[in-house]
Amino acid sequence: NPFSTLPAYGINYFPSQAKLIQVDINEARIGLTKPVTVGIQGDAAMVAQGILEKLAPAAGDADRSNREALIKTTKAAWELELSSMDHEQDDVGTSWNERSRK
């Protein structure tokens, strides 16, 4: 949960200058753990639909192909990294991981 107060293992989910919009059905939770630029009390699906209806048909088109390429290469790199993590290697002198895969 990116709005959690728990440690994030050194991962900063939000850039330091990010402007954050938080939608929550419970207004008491808005801005509770992260400072927000805009807080909206309401049903998230209804708010999202209302925002979507206000957007121009070409909204988000600027630089779309570069963003899509970045996402594609980032996902490919992540999948490659994860594929190397499918088996734990045995410590020297042990073979139980290798035997468990048979």
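Q: Where is Leu55 found?
A: In this predicted model, local features need pLDDT of at least 70 and side-chain atom pairs count only at pLDDT 80 or more, while totals for chains, interfaces and linings use all residues. Residues are numbered from 1 along each chain as its sequence is written, and side-chain values use heavy atoms, with hydrogens and water left out. Helices (H or I, at least four residues) and strands (E, at least two) are DSSP runs, numbered from the N terminus. On that basis, Leu55 sits in the loop between α1 (44-54) and α2 (64-83).

Q: Why is Leu55 called partly exposed?
A: With a 1.4 Å probe and protein chains only, buried means under 20% relative accessible area, exposed over 50%, and partly exposed in between. Leu55 counts as partly exposed because its relative accessible area is 46%.

Q: Which residues form a nonpolar patch on the surface?
A: Patch members need over 30% relative accessible area and no salt bridge; like charges are joined within 9 Å, nonpolar side chains (Val, Leu, Ile, Met, Phe, Trp, Tyr) within 5 Å. A salt bridge puts a side-chain nitrogen of Lys or Arg within 4 Å of a carboxyl oxygen of Asp or Glu. Areas are Shrake-Rupley values with a 1.4 Å probe, and for residues only the protein chains shown count as cover. Together exposing about 280 Å² of accessible area, the patch residues are Ile51, Leu52 and Leu55.

Q: Is Gln22 buried or exposed?
A: Gln22 belongs to strand β1, on the covered face along with Asp24. Its relative accessible area is 8%, so Gln22 is buried.

Q: What is the bridge partner of Gln22 in β2?
A: Strands pair if DSSP finds at least two bridges between them. β1 and β2 (residues 38-41) have four, in the parallel sense. Over in β2, Gln22's partner is Gly39.

Q: Which side chain makes a polar contact with that of Asn66?
A: A polar contact is an N or O pair within 3.5 Å; within protein, one atom must be able to donate a hydrogen and the other to accept it, and residues adjacent in sequence count only if both atoms are side-chain atoms. Asn66 is in helix α2. At 2.6 Å, its side-chain partner is Asp63.

Q: Which element has the highest mean pLDDT?
A: pLDDT is the predictor's confidence in each residue, from 0 to 100, and the chain averages 85. Helix α3 (residues 96-100) has the lowest element mean, 80, while the highest, 97, goes to β2.
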